[in-house]
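Q: Please pick a single part of this structure and look at it closely. Then show me how the rest of the chain is put together.

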Amino acid sequence: MIDFLTMPRISVRLQRQARRAVLLATLAVLSACASNDEAFDAAQDLQEAYEQAQSSIQNGNYRRGIQILEAIQARYPFSDVARQIQLDLMYAYYKSGAPELAVEAADTFMRENPIHPRVDYALYIKGLAYFDDDPGMLERWFRKNTDKRPPKDVEQAYQAFRRLVERYPASEYAPDAQQRMVYLKNRLAAYETEVADYYLRRGAYVAAANRAKNALESYNGAESNVESLRIMIAAYEGLGMNDLAADARRVLELNFPDS
(Lines give C-alpha, C1' and ligand atoms only; values in the text may rest on other atoms or scores of the structure.)
Protein backbone atom coordinates (compact mmCIF):
# COMPACT_ATOMS: atom_id res chain seq x y z
CA MET A 1 0.00 0.00 0.00
CA ILE A 2 1.18 3.47 -0.82
CA ASP A 3 2.51 5.43 2.11
CA PHE A 4 0.20 8.42 2.40
CA LEU A 5 2.47 10.12 4.94
CA THR A 6 4.72 11.29 2.11
CA MET A 7 2.94 12.57 -0.96
CA PRO A 8 5.44 14.43 -3.18
CA ARG A 9 2.96 14.79 -6.02
CA ILE A 10 0.64 16.77 -3.80
CA SER A 11 3.31 19.21 -2.66
CA VAL A 12 4.46 19.87 -6.24
CA ARG A 13 0.92 20.42 -7.34
CA LEU A 14 0.31 22.75 -4.44
CA GLN A 15 3.29 24.83 -5.49
CA ARG A 16 1.93 25.21 -9.01
CA GLN A 17 -1.52 26.10 -7.77
CA ALA A 18 -0.04 28.47 -5.20
CA ARG A 19 1.43 30.57 -7.97
CA ARG A 20 -1.89 30.60 -9.79
CA ALA A 21 -3.76 31.47 -6.61
CA VAL A 22 -1.41 34.33 -5.82
CA LEU A 23 -1.90 35.72 -9.32
CA LEU A 24 -5.67 35.59 -9.02
CA ALA A 25 -5.56 37.19 -5.60
CA THR A 26 -3.29 39.92 -6.92
CA LEU A 27 -5.75 40.76 -9.68
CA ALA A 28 -8.59 40.88 -7.18
CA VAL A 29 -6.61 43.22 -4.93
CA LEU A 30 -5.65 45.47 -7.85
CA SER A 31 -9.28 45.94 -8.81
CA ALA A 32 -10.32 46.78 -5.27
CA CYS A 33 -7.59 49.12 -4.07
CA ALA A 34 -7.55 52.87 -4.42
CA SER A 35 -4.08 53.34 -5.91
CA ASN A 36 -1.47 51.30 -7.76
CA ASP A 37 1.05 51.67 -4.92
CA GLU A 38 -1.42 50.39 -2.36
CA ALA A 39 -2.41 47.52 -4.67
CA PHE A 40 1.21 46.49 -5.17
CA ASP A 41 1.93 46.49 -1.44
CA ALA A 42 -1.17 44.43 -0.63
CA ALA A 43 -0.44 41.88 -3.35
CA GLN A 44 3.18 41.60 -2.30
CA ASP A 45 2.20 41.06 1.35
CA LEU A 46 -0.29 38.37 0.32
CA GLN A 47 2.24 36.56 -1.83
CA GLU A 48 4.88 36.62 0.90
CA ALA A 49 2.39 35.36 3.48
CA TYR A 50 1.23 32.55 1.21
CA GLU A 51 4.79 31.48 0.43
CA GLN A 52 5.59 31.48 4.13
CA ALA A 53 2.58 29.27 4.83
CA GLN A 54 3.62 26.85 2.09
CA SER A 55 7.17 26.74 3.40
CA SER A 56 5.92 26.03 6.93
CA ILE A 57 3.72 23.17 5.73
CA GLN A 58 6.47 21.62 3.62
CA ASN A 59 8.80 21.76 6.61
CA GLY A 60 6.28 20.08 8.87
CA ASN A 61 5.38 23.19 10.84
CA TYR A 62 1.68 22.70 10.22
CA ARG A 63 0.53 24.83 13.13
CA ARG A 64 2.31 27.89 11.75
CA GLY A 65 1.14 27.19 8.23
CA ILE A 66 -2.45 26.82 9.39
CA GLN A 67 -2.29 30.10 11.32
CA ILE A 68 -1.12 31.99 8.24
CA LEU A 69 -3.63 30.34 5.91
CA GLU A 70 -6.52 31.01 8.28
CA ALA A 71 -5.45 34.66 8.50
CA ILE A 72 -5.40 34.97 4.70
CA GLN A 73 -8.76 33.24 4.48
CA ALA A 74 -10.26 35.68 6.99
CA ARG A 75 -8.91 38.67 5.05
CA TYR A 76 -10.03 37.48 1.60
CA PRO A 77 -13.08 35.25 2.27
CA PHE A 78 -14.72 35.71 -1.14
CA SER A 79 -11.73 35.89 -3.46
CA ASP A 80 -10.45 33.26 -5.87
CA VAL A 81 -7.54 32.59 -3.56
CA ALA A 82 -10.00 31.50 -0.86
CA ARG A 83 -10.68 28.25 -2.74
CA GLN A 84 -7.01 27.37 -2.85
CA ILE A 85 -6.69 28.26 0.82
CA GLN A 86 -9.47 25.76 1.60
CA LEU A 87 -7.56 23.04 -0.24
CA ASP A 88 -4.32 23.91 1.53
CA LEU A 89 -6.02 23.99 4.92
CA MET A 90 -7.71 20.60 4.60
CA TYR A 91 -4.31 19.08 3.79
CA ALA A 92 -2.60 20.92 6.66
CA TYR A 93 -5.34 19.92 9.09
CA TYR A 94 -5.00 16.28 8.04
CA LYS A 95 -1.22 16.25 8.33
CA SER A 96 -1.33 18.02 11.70
CA GLY A 97 -3.49 15.29 13.23
CA ALA A 98 -6.78 17.19 13.19
CA PRO A 99 -9.01 14.87 11.11
CA GLU A 100 -12.25 16.52 12.22
CA LEU A 101 -11.12 19.87 10.86
CA ALA A 102 -9.85 18.25 7.67
CA VAL A 103 -13.24 16.59 7.08
CA GLU A 104 -15.08 19.81 7.85
CA ALA A 105 -12.88 21.77 5.43
CA ALA A 106 -13.34 19.13 2.71
CA ASP A 107 -17.12 19.06 3.15
CA THR A 108 -17.31 22.85 3.09
CA PHE A 109 -15.24 23.02 -0.08
CA MET A 110 -17.40 20.41 -1.86
CA ARG A 111 -20.62 22.04 -0.72
CA GLU A 112 -19.53 25.49 -1.92
CA ASN A 113 -17.78 24.28 -5.09
CA PRO A 114 -19.64 21.17 -6.31
CA ILE A 115 -18.21 21.32 -9.85
CA HIS A 116 -14.70 22.51 -9.00
CA PRO A 117 -11.95 20.46 -10.71
CA ARG A 118 -10.36 19.68 -7.34
CA VAL A 119 -13.36 18.00 -5.75
CA ASP A 120 -11.56 14.69 -6.24
CA TYR A 121 -8.74 15.97 -4.04
CA ALA A 122 -11.21 17.05 -1.34
CA LEU A 123 -12.75 13.56 -1.37
CA TYR A 124 -9.29 12.02 -1.14
CA ILE A 125 -8.32 14.10 1.88
CA LYS A 126 -11.67 13.34 3.51
CA GLY A 127 -11.07 9.63 3.01
CA LEU A 128 -7.55 9.86 4.40
CA ALA A 129 -8.79 11.78 7.43
CA TYR A 130 -11.18 8.94 8.26
CA PHE A 131 -8.79 6.20 7.29
CA ASP A 132 -7.38 4.22 10.18
CA ASP A 133 -4.80 1.64 9.19
CA ASP A 134 -3.06 1.44 12.54
CA PRO A 135 -4.57 -0.81 15.26
CA GLY A 136 -2.42 0.86 17.89
CA MET A 137 0.83 -0.03 19.55
CA LEU A 138 -0.72 -1.86 22.52
CA GLU A 139 -3.00 -3.90 20.27
CA ARG A 140 -0.08 -4.95 18.07
CA TRP A 141 2.00 -5.77 21.15
CA PHE A 142 -0.66 -8.01 22.67
CA ARG A 143 -1.73 -9.35 19.25
CA LYS A 144 -5.37 -8.42 19.77
CA ASN A 145 -7.83 -9.24 17.00
CA THR A 146 -8.92 -5.85 15.71
CA ASP A 147 -11.81 -7.45 13.78
CA LYS A 148 -13.68 -7.54 17.09
CA ARG A 149 -13.27 -3.80 17.53
CA PRO A 150 -16.04 -1.59 16.08
CA PRO A 151 -14.64 -0.08 12.85
CA LYS A 152 -14.49 3.55 13.94
CA ASP A 153 -14.82 5.88 10.96
CA VAL A 154 -14.05 3.03 8.56
CA GLU A 155 -17.44 3.28 6.84
CA GLN A 156 -16.99 7.02 6.28
CA ALA A 157 -13.54 6.46 4.78
CA TYR A 158 -14.88 3.70 2.54
CA GLN A 159 -17.74 5.86 1.27
CA ALA A 160 -15.44 8.84 0.58
CA PHE A 161 -13.01 6.71 -1.42
CA ARG A 162 -15.86 4.94 -3.19
CA ARG A 163 -17.38 8.26 -4.23
CA LEU A 164 -13.98 9.40 -5.50
CA VAL A 165 -13.42 6.24 -7.56
CA GLU A 166 -16.94 6.18 -9.01
CA ARG A 167 -17.19 9.89 -9.86
CA TYR A 168 -13.59 10.53 -10.84
CA PRO A 169 -12.12 7.26 -12.18
CA ALA A 170 -9.41 9.16 -14.07
CA SER A 171 -8.27 11.08 -10.97
CA GLU A 172 -4.64 10.72 -9.98
CA TYR A 173 -5.88 9.79 -6.50
CA ALA A 174 -8.21 7.00 -7.70
CA PRO A 175 -5.61 4.17 -7.77
CA ASP A 176 -4.57 4.75 -4.17
CA ALA A 177 -8.21 5.13 -3.11
CA GLN A 178 -8.98 1.75 -4.70
CA GLN A 179 -6.18 0.08 -2.76
CA ARG A 180 -7.45 1.54 0.48
CA MET A 181 -11.00 0.43 -0.33
CA VAL A 182 -9.81 -3.19 -0.50
CA TYR A 183 -8.43 -2.94 3.03
CA LEU A 184 -11.50 -1.10 4.30
CA LYS A 185 -13.90 -3.58 2.71
CA ASN A 186 -12.09 -6.47 4.37
CA ARG A 187 -12.14 -4.60 7.68
CA LEU A 188 -15.87 -3.90 7.52
CA ALA A 189 -16.76 -7.41 6.34
CA ALA A 190 -14.61 -8.99 9.05
CA TYR A 191 -16.38 -7.00 11.76
CA GLU A 192 -19.82 -7.96 10.41
CA THR A 193 -18.74 -11.60 10.39
CA GLU A 194 -17.47 -11.36 13.96
CA VAL A 195 -20.84 -9.99 15.08
CA ALA A 196 -22.65 -12.74 13.15
CA ASP A 197 -20.50 -15.38 14.83
CA TYR A 198 -21.26 -13.82 18.22
CA TYR A 199 -24.98 -14.23 17.60
CA LEU A 200 -24.52 -17.77 16.30
CA ARG A 201 -22.62 -18.90 19.39
CA ARG A 202 -25.49 -17.61 21.54
CA GLY A 203 -28.20 -19.31 19.56
CA ALA A 204 -29.58 -16.12 18.01
CA TYR A 205 -29.83 -17.76 14.60
CA VAL A 206 -32.00 -15.16 12.87
CA ALA A 207 -29.66 -12.32 13.84
CA ALA A 208 -26.63 -14.42 12.86
CA ALA A 209 -28.04 -15.25 9.43
CA ASN A 210 -29.07 -11.66 8.73
CA ARG A 211 -25.71 -10.24 9.79
CA ALA A 212 -23.76 -12.79 7.74
CA LYS A 213 -25.99 -12.15 4.71
CA ASN A 214 -25.40 -8.41 5.05
CA ALA A 215 -21.64 -8.98 5.12
CA LEU A 216 -21.87 -10.96 1.87
CA GLU A 217 -24.13 -8.51 0.06
CA SER A 218 -22.42 -5.30 1.17
CA TYR A 219 -18.81 -6.47 0.92
CA ASN A 220 -18.76 -9.05 -1.84
CA GLY A 221 -15.26 -10.30 -2.50
CA ALA A 222 -13.96 -9.71 1.02
CA GLU A 223 -11.65 -12.25 2.60
CA SER A 224 -14.19 -13.18 5.27
CA ASN A 225 -16.95 -14.11 2.78
CA VAL A 226 -16.19 -17.80 3.25
CA GLU A 227 -16.74 -17.52 7.00
CA SER A 228 -19.96 -15.57 6.45
CA LEU A 229 -21.30 -18.42 4.33
CA ARG A 230 -20.39 -20.97 6.99
CA ILE A 231 -22.26 -18.93 9.58
CA MET A 232 -25.30 -18.71 7.31
CA ILE A 233 -25.30 -22.48 6.84
CA ALA A 234 -25.08 -23.11 10.59
CA ALA A 235 -27.74 -20.49 11.37
CA TYR A 236 -30.21 -21.85 8.80
CA GLU A 237 -29.63 -25.38 10.07
CA GLY A 238 -30.27 -24.16 13.62
CA LEU A 239 -33.56 -22.68 12.44
CA GLY A 240 -34.50 -25.88 10.63
CA MET A 241 -34.42 -24.05 7.27
CA ASN A 242 -32.63 -26.84 5.46
CA ASP A 243 -33.35 -25.59 1.92
CA LEU A 244 -31.71 -22.25 2.62
CA ALA A 245 -28.81 -24.02 4.32
CA ALA A 246 -28.36 -26.21 1.23
CA ASP A 247 -28.40 -23.12 -1.03
CA ALA A 248 -25.74 -21.43 1.07
CA ARG A 249 -23.65 -24.61 1.02
CA ARG A 250 -23.82 -24.77 -2.79
CA VAL A 251 -22.67 -21.14 -2.98
CA LEU A 252 -19.81 -21.95 -0.61
CA GLU A 253 -18.70 -24.98 -2.61
CA LEU A 254 -18.96 -23.13 -5.92
CA ASN A 255 -17.01 -20.05 -4.87
CA PHE A 256 -14.66 -21.64 -2.35
CA PRO A 257 -14.06 -25.22 -3.49
CA ASP A 258 -10.98 -25.59 -1.28
CA SER A 259 -12.67 -24.36 1.89
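A: Start with a term: helices (H or I, at least four residues) and strands (E, at least two) are DSSP runs, numbered from the N terminus. This is a predicted model, where local features need pLDDT of at least 70, side-chain atom pairs count only at pLDDT 80 or more, and totals for chains, interfaces and linings use all residues. Residues are numbered from 1 along each chain as its sequence is written, and side-chain values use heavy atoms, leaving out hydrogens and water.

Our part is the loop that holds M241. This loop lies between helix 11 (225–238) and helix 12 (242–255). Is M241 buried or exposed, or does it fall in between? Buried means under 20% relative accessible area, exposed means over 50%, and partly exposed is in between (1.4 Å probe, protein chains only). M241 has a relative accessible area of 35%, so it is partly exposed.

M241 also belongs to a nonpolar surface patch, together with V206, L239 and L244. Patch residues have over 30% relative accessible area and no salt bridge; nonpolar side chains (Val, Leu, Ile, Met, Phe, Trp, Tyr) are joined within 5 Å, like charges within 9 Å. The four residues share about 310 Å² of accessible area. Such areas come from the Shrake-Rupley method with a 1.4 Å probe, and for residues only the protein chains shown count as cover.

A salt bridge (a side-chain nitrogen of Lys or Arg within 4 Å of a carboxyl oxygen of Asp or Glu) joins E237 to R249, at 2.5 Å from N to O. E237 sits in helix 11 and R249 in helix 12, 12 residues apart. E237 is partly exposed because its relative accessible area is 40%. R249 is partly exposed too, at 31%.

At the other end of helix 11, look at E223. It lies in the loop between helix 10 (205–218) and helix 11. With a relative accessible area of 66%, E223 is exposed. E223 and Y183 are 40 residues apart in sequence, yet 9.9 Å apart in space, C-alpha to C-alpha.

How far can we trust this part? pLDDT is the predictor's confidence in each residue, from 0 to 100. Confidence is highest in helix 11, at 97, and lowest in helix 7 (residues 137–141), at a mean of 40. The protein chain averages 82.

Step back to the whole chain. It has 12 helices and zero strands. Of its 259 residues, 44% are buried.

Inside, there are nonpolar cores: sets of buried Ala, Val, Leu, Ile, Met, Phe, Trp, Tyr and Cys residues joined through side-chain atoms within 4.5 Å. The largest has 49 residues, and M90, I125 and F161 touch the most other members. A second, separate core of 16 residues includes A196, A212, L216 and M232.

Take M90 as an example. A contact means heavy atoms within 4.5 Å. Beyond its neighbours within four places in sequence, M90 contacts residues including A102, F109, Y121 and I125.

The chain has nine salt bridges. In one of them, K126 pairs with D107, with the closest N and O atoms 2.9 Å apart. K126 is in helix 6 and D107 in helix 5. K126 is buried because its relative accessible area is 17%, while D107 is partly exposed at 27%.
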